[in-house]
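Visitor: I have a model open and a few things to ask about how it packs. Can we go through them one by one?

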Amino acid sequence: MAVAQCPASCGELIQGWIMGSEKLVSCPVDWYSTVEVSDGSPLPDERPLSRAMVNRLLEHWNYPASLSQGIRLEVHSTIPVAKGMASSTADIAATAVATARHLGHHLDETTLAQLCVSLEPTDSTVFHKLTLFDHNDASTQIPCDSPPELDLLVLESPQTLRTADYHRIPRLAGLQAGAPALKRAWEKVQEACAERNPWRMGEAATLSAIASQMLLPKPDFDALLSLAEECELYGVNVAHSGSVVGLMLDRQKHDVEKVTWLLAKQRLTEHWPERHLLRMVSGGVKCQ
């Protein structure tokens, strides 16, 4: 049996029109999809995209397609689905690496990314470093230095939006209008990593979140910005193709209980009734 895990993402640190196309930098957090691959018959309730990845790998290495029926997948994940937390990427990336190991192969990150985007738009959580990534065709993969340490109070909404549905929304004009802000945001991400500066990362994410309001607006967004400023948080990041929002902070320095109290007082919990305090982590798929 081979086992691999890939982290979820609290939306994106930045996403928008950068260097001529839409690109993103995901925000990996310590919430994982774990996939076990073994010999056996497929389970009746397996996830279709994970099976599609197995079939894609068999094709990639010229195995007979019939071999798929002798490979069993078990996906263990509580990552919310269709909220902008990269649940599908976590599933298919972990499936790919576990299946590769089960078959006696190794997948480098570039090949992994290309395989994932062949199935659906993919988050840059597949990379061990924060990476500016063309999530549609994997043509751009620019890694950053080590990011600053920070936490996220993830605000989860009951609203769902599948990535494929988001990509059917006419967005080109809005994306291009936000290009100047995203250019600054990408520069700030690089500075934040070079300096290990969480404030700079918060500035980058907030710039991108504001630009995203033109494309997929979050309710009471100005109130969230005011709350972040009042509590002197690093910033606000969002799922640009989903509903979650992240309040960027340090659980050792910021008063998380006060932040939670203010969310309730200002009735923002009506939009985001679930909250998760998570740590931003390095991304990438790890074998166990």
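Visitor: At what angle do helix H8 and helix H9 pack?
Guide: This is a predicted model. In it, helix H8 (residues 221-230) packs on helix H9 (residues 256-265) at an angle of about 150 degrees, and their axes are 11 Å apart.

Visitor: How are H8 and H9 oriented to each other, then?
Guide: Angles over 145 degrees count as roughly antiparallel, so H8 and H9 are roughly antiparallel to each other.

Visitor: Is the crossing of H8 and H9 left-handed or right-handed?
Guide: The crossing of H8 and H9 is right-handed.

Visitor: Which residues meet there?
Guide: From H8, Leu224, Leu227 and Glu230; from H9, Val259, Leu262 and Leu263. By class, the contact of H8 with H9 has 5 nonpolar residues, 1 charged and no polar.

Visitor: Changing topic: how many residues does the largest nonpolar core have?
Guide: The largest nonpolar core has 67 residues, and Ile14, Leu112, Leu152 and Met201 have the most contacts inside it. Helix H2 (residues 87-102) gives the largest share of this core, 8 residues.

Visitor: What does Leu152 touch?
Guide: Beyond four places in sequence, Leu152 touches residues including Cys10, Cys27, Val29, Leu247 and Leu278.

Visitor: Where do Leu224 and Leu227 belong?
Guide: Leu224 and Leu227 are in a second, separate core of 20 residues, which also includes Ala209 and Val236.

Visitor: Last one, Glu274. Buried, partly exposed or exposed?
Guide: Glu274, in strand S9 (residues 274-279), is partly exposed, with a relative accessible area of 43%.

Visitor: And which residues is Glu274 in contact with?
Guide: Leaving aside neighbours within four places in sequence, Glu274 contacts Val154, Leu155 and Glu156. Glu274 and Ser157 are 6.8 Å apart, C-alpha to C-alpha, and 117 residues apart in sequence.

Definitions and conventions
Residues are numbered from 1 along each chain as its sequence is written. This is a predicted model: local features need pLDDT of at least 70, side-chain atom pairs count only at pLDDT 80 or more; totals for chains, interfaces and linings use all residues. Side-chain values use heavy atoms; hydrogens and water are left out. Axes are lines fitted to C-alpha atoms, for helices over the stretch in contact, and angles run from 0 to 180 degrees between N-to-C directions. Helices (H or I, at least four residues) and strands (E, at least two) are DSSP runs, numbered from the N terminus. Angles under 35 degrees count as roughly parallel, over 145 as roughly antiparallel, 65 to 115 as roughly perpendicular and the rest as oblique. A crossing is left-handed if the near helix is turned anticlockwise from the far one by less than a right angle, and right-handed if clockwise. Contact means heavy atoms within 4.5 Å. Ala, Val, Leu, Ile, Met, Phe, Trp, Tyr, Cys and Pro count as nonpolar, Asp, Glu, Lys and Arg as charged, and the others, Gly among them, as polar. A nonpolar core is a set of buried Ala, Val, Leu, Ile, Met, Phe, Trp, Tyr and Cys residues joined through side-chain atoms within 4.5 Å. Buried means under 20% relative accessible area, exposed over 50%, partly exposed in between (1.4 Å probe, protein chains only).
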